[in-house]
Amino acid sequence: MQHIPHDLHAAIVDLDGTMVDTLGDFEFALNRMLEELELPAMHAAAIARLVGKGSEHLIRSVLAQAGAGERSFGAAWESYQRHYLAINGRHSVVYPGVDGGLAALRGAGLRLVCLTNKPTAFARPLLEAKGLSHHFELVFGGDAFERKKPDPLPLVKACEALGVAPSRTLAIGDSSNDAQAARAAGCPVVLVTYGYNHGEPVRDVPADGFVDSLADLPRWLAGA
Ligand SMILES: O=C(O)COP(=O)(O)O
Ligand SMILES: [Mg+2]
């Protein structure tokens, strides 16, 4: 079901699982954190199911799975941030087609915003290190607004910051968090078929369309 207007003015692009495969960074930093807290290590596949609702949620979920209580949160959060910032991007790769896809959207006149649940202090250096920063007019992390995706607030605020109506702003993401937030904000939404969707099939998520690569977006939009 496609409800994509032909006169789009902007796109709001998710980061983890959509532009960059950051699972290796999550795995490295979380396992250093778990080691410091003398808790058992976690496999990447289990971590992938927990990614998408921001770092606080990720750490709380990892601690719960490791059998540690809320009391460990403060030390875990400090340790995680320290380890993540030390390796940010080192174990991550940009998905194929991202750079070309974003360039094509800009070429078609769309203004781009990166909106991620990742902390802004992680997101900006990662985009820079991966050569993607120049595509974006604005970058908002999970700490930029009062609530994170799947709440619509960050998308509503990003549209306000651009001065573009949500109905003219395409949301591009990899998970139900992006789709739910977009729908509630009034943005059309397309999801990539790779990435992290809490271990659930992404095609089961209500969205206006699916692409296997951001490079397919211009063709997909032309047919929408
Ligand atoms: O940090 C996360 O949990 C996911 O971030 P994302 O919004 O870029 O997918
Ligand atoms: Mg994502």
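Residues are numbered from 1 along each chain as its sequence is written, and chains are lettered from A and ligands numbered from 1 in the order in which they are written. In this predicted model, local features need pLDDT of at least 70 and side-chain atom pairs count only at pLDDT 80 or more, while totals for chains, interfaces and linings use all residues.

**Domains and ligand**

The protein chain is assigned domain 1 (10-21 + 92-223) and domain 2 (23-87). Such bounds come from an automatic or database domain assignment. The C-alpha centres of domain 1 and domain 2 are 24 Å apart. Across the boundary, 15 residues of domain 1 contact 11 residues of domain 2. Contact here requires C-beta atoms, placed from the backbone, within 7 Å. The side of domain 1 that touches domain 2 has three nonpolar, eight polar and four charged residues. Nonpolar covers Ala, Val, Leu, Ile, Met, Phe, Trp, Tyr, Cys and Pro; charged covers Asp, Glu, Lys and Arg; the others, Gly among them, are polar.

Ligand 1 lies between the two domains, because both domain 1 and domain 2 give residues to its shell. That shell holds 14 residues, and the closest are L15, D16, T116, N117 and K118. A residue is near a molecule if its C-beta atom, placed from the backbone, lies within 6 Å of it. By class, the shell around ligand 1 has three nonpolar, six polar and five charged residues.

Six strands form an open, parallel sheet in the order 5-4-1-6-7-8. Its edges are strand 5 (138-140) and strand 8 (209-211), each pairing on one side only. The average twist is 25° from one strand to the next. Strands (E, at least two residues) and helices (H or I, at least four) are DSSP runs, numbered from the N terminus. Pairing needs at least two DSSP bridges between two strands.

| Strand pair | Bridges | Facing residues |
|---|---|---|
| Strand 1 and strand 4 | four | I12 and V113 |
| Strand 1 and strand 6 | four | V13 and I172 |
| Strand 7 and strand 8 | three | L191 and F210 |

Strand 1 (residues 10-13) is covered on both faces: A10 and I12 are buried on one side, A11 and V13 on the other. Buried means 20 or more other C-beta atoms within 10 Å of a residue's own, exposed 12 or fewer, and partly exposed in between, with C-beta atoms placed from the backbone.

Helix 8 (residues 176-185) lies across strand 6 and strand 7, at about 175° to strand 7. Angles run from 0 to 180 degrees between N-to-C directions, with axes fitted to C-alpha atoms, for helices over the stretch in contact.

V156 belongs to helix 7. V156 counts as partly exposed because it has 17 C-beta neighbours inside 10 Å. Leaving aside residues up to four places away in sequence, V156 touches P166 and A185.

**Backbone details**

Most residues other than glycine have a negative phi, and most peptide bonds are trans. K149 and P150 are joined by a cis peptide bond, with omega about 15°. P150 sits in the loop between strand 5 and helix 7.

E38, not a glycine, has a positive phi of about 55°. E38 lies in the loop between helix 1 (23-36) and helix 2 (44-48). E38 is exposed, with 8 other C-beta atoms within 10 Å. H198 also has a positive phi, near 55°. The loop between strand 7 and strand 8 holds H198. With 15 C-beta neighbours inside 10 Å, H198 is partly exposed.

Definitions and conventions: Two residues are in contact if their C-beta atoms, placed from the backbone, lie within 7 Å.
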